[in-house]
Amino acid sequence: MDSNKEIQLVIYSKYENYNFTPLALELTRVFIYHLSSVMNCSVNVMNLSIIPSVFEYILKQVNYEYHRQNIAVVSTAGRIVAGYIANDLNKKFSRYIQSLAVLNLYEMRSLNFDDFDCVICDKNDYYKRYPIKFVAYTSMTSLAQDDLYGKVFKSGYDRHILDFMKRITKITEDVVSDNFNALVKCICFRHAAESKLTELENAILWKNSLISYVKRQCLIIFCDISHTKKEFIEFYRVSKFAKYAIVVSIDYGYDLSKIKLINSILDRLIENDGYFDLMLSDTSAAYDQLFDDIIENQS
């Protein structure tokens, strides 16, 4: 609000080169939307970029959910050699490790395998008789580190929200629109809860007037779950004003780590058309590739 309470709105879509993630932009829309409602007046914001920047900063502080691994280390050459292997692992992968147990072959016989996620050992077929995953340690070269990461530590990242996204995703082929308002009406008719159609439509149109839902030829619309009463992710092909559209309705009551993963997946979908093409042909494979890309290239 300025000192004279002048009704003036700075349109964020004028900033063509913004590079904020989808959720940061949506939180900014919601923030301004509710602020204007509380103040009962359009909000005069001279530089909106600081608001999504704050949300981006918050999300950046959140780590993806990870189950730190309990590792047993054993070597046919004895406990001392197993200790050297454990030291190497701790130096390179300590942030992924909950506990390291150094064992000799005799102790393996009384090991409670439920207490461990994996056994790292020197390469020997002797270990195949135990009911737990064994991974061979060869060296700590870069290539060997990548191999250990892929076989041992990558599996520690939580995939429940990824599987959830697969379940609620739908590819919609029967809706094609070359007009934004017409597409919004269609989305509202398909997904608005009873007596919520007008509220959902008005909210989408108002927020789009503040910050455009179009980014890099992708239209990504967030629906308030209070208007839809259900969770879903839907993909549309559109024309003229965008190449494709993603409609999202999720409950934000999940852990922040899960919300961050959803945001990262949506962001990479927008940044890489190849993922969207794969999503249309094989949704599960597209999500798996997006997940791998995110956890392997996280900052």
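Visitor: Before anything else, what makes a helix crossing left-handed or right-handed?
Guide: A crossing is left-handed if the near helix is turned anticlockwise from the far one by less than a right angle, and right-handed if clockwise. In this predicted model, local features need pLDDT of at least 70 and side-chain atom pairs count only at pLDDT 80 or more, while totals for chains, interfaces and linings use all residues. Residues are numbered from 1 along each chain as its sequence is written, and side-chain values use heavy atoms, with hydrogens and water left out.

Visitor: OK, so how does H7 pass H8?
Guide: Helix H7 passes helix H8 in a right-handed crossing, where helices are DSSP runs of H or I with at least four residues, and strands are E runs of at least two, numbered from the N terminus.

Visitor: Which residues make that contact?
Guide: On H7 they are Phe180, Asn181, Val184, Lys185, Cys188 and Phe189, and on H8 they are Leu197, Leu200, Glu201, Ile204, Leu205 and Asn208, with contact meaning heavy atoms within 4.5 Å.

Visitor: And at what angle do H7 and H8 cross?
Guide: The axes of H7 (residues 180-191) and H8 (residues 197-210) cross at roughly 145° and come within 9 Å; axes are lines fitted to C-alpha atoms, for helices over the stretch in contact, and angles run from 0 to 180 degrees between N-to-C directions.

Visitor: What about H11 and H12, how far apart are their axes?
Guide: The axes of H11 (residues 273-281) and H12 (residues 283-296) lie 6 Å apart, and these helices pack at an angle of about 145°.

Visitor: Zooming out, how many helices and strands are there?
Guide: The protein has 12 helices and nine strands.

Visitor: How much of it is buried?
Guide: Of the 299 residues in the protein, 46% are buried, meaning under 20% relative accessible area with a 1.4 Å probe, protein chains only.

Conventions
Buried < 20%, exposed > 50% of the residue type's maximum accessible area, 1.4 Å probe, protein only.
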